[in-house]
Amino acid sequence: VKTDNVSPMLNRFSNWMKTIKFFCFILRMGYKPHTLFRYKKITVKEIKLTEYFLIKIIQKMCFANDYDSLFKNNKLVDKSDLKNYCPFIDKYGLLRCTTRFELSDTLSYDAKFPIILPAKCATVEKLILYLHVTQLHAKTNHMMAYIRQKYVLMKNVRELKRILNKCLTPRCIQP
């Protein structure tokens with residue numbers, strides 16, 4: 001899938017779940033016997049795979065040179081923004097970073113190797129605001145801890161505060 005074709009569709013909806021559902025149905029149409037489950041509800045596995053697909057597209061758009069160099073020879077340029085994260089590409093094609101928790105037996109794979117999210121991306125803002133609403137409009141510290149369980153947000157606290165200030169709920173007061 002070319003990122004040039006997908007990027008206008010990413011900004012079509014203002015909500016993360018609407019974007020996920022839209023792409024679930026788009027990806028269903030790519031499957032030949034899609035008429036078998038055209039009117040069935042979307043499963044949790046489909047949502048997870050679609051989320052991975054969208055994040056992979058975002059990463060390919062924002063980190064194009066780094067993604068290509070990692071995909072080809074597993075080495076980054078010295079001036080890369082991702083150099084400090086020790087990134088690698090997982091089985092879904094996502095850029096993940098290596099953390100000090102990689103030898104832990106109790107943590108999940110997402111906590112050991114979080115997904116790298118770029119800064120100043122409109123689709124990432126939708127994802128963060130969706131997580132903010134699911135956490136009942138939590139404040140910055142709680143959201144940072146929650147996001148770090150699965151993702152690494154570049155320029156983390158500053159970017160998170162910028163995104164959370166866009167929350168339109170009147171009772172959501174950010175420090």
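Predicted model: local features only at pLDDT ≥ 70, side-chain atom pairs only at ≥ 80, totals over all residues.
User: Hi! How many residues does helix H3 have, and how far does it reach?
Analyst: Helix H3 (residues 44-62) has 19 residues and reaches 27 Å from first C-alpha to last, close to the 27 Å expected at 1.5 Å a residue. That expected span is 1.5 Å times one less than the number of residues. Helices here are DSSP runs of H or I with at least four residues, and strands are E runs of at least two, numbered from the N terminus.

User: Which residues are buried in H3?
Analyst: Among them are Glu 46, Thr 50, Tyr 52 and Phe 53. Buried means under 20% relative accessible area, exposed over 50%, and partly exposed in between (1.4 Å probe, protein chains only).

User: What kind of aromatic pair do Phe 23 and Phe 53 form?
Analyst: A tilted one, 6.4 Å centre to centre with 50 degrees between the planes. Rings of Phe, Tyr and Trp (its six-membered ring) pair if their centres lie within 6.5 Å; planes under 30 degrees apart are stacked, over 60 edge-to-face, and the rest tilted. Phe 23 sits in helix H2 and Phe 53 in helix H3, 30 residues apart.

User: And is Phe 23 buried or exposed?
Analyst: Phe 23 is buried, and so is Phe 53.

User: Which cluster do ring pairs make with Phe 53?
Analyst: Ring pairs join Phe 53 with Phe 13, Phe 22 and Phe 23.

Notes. Residues numbered from 1 in each chain as written. Heavy atoms only, no water.
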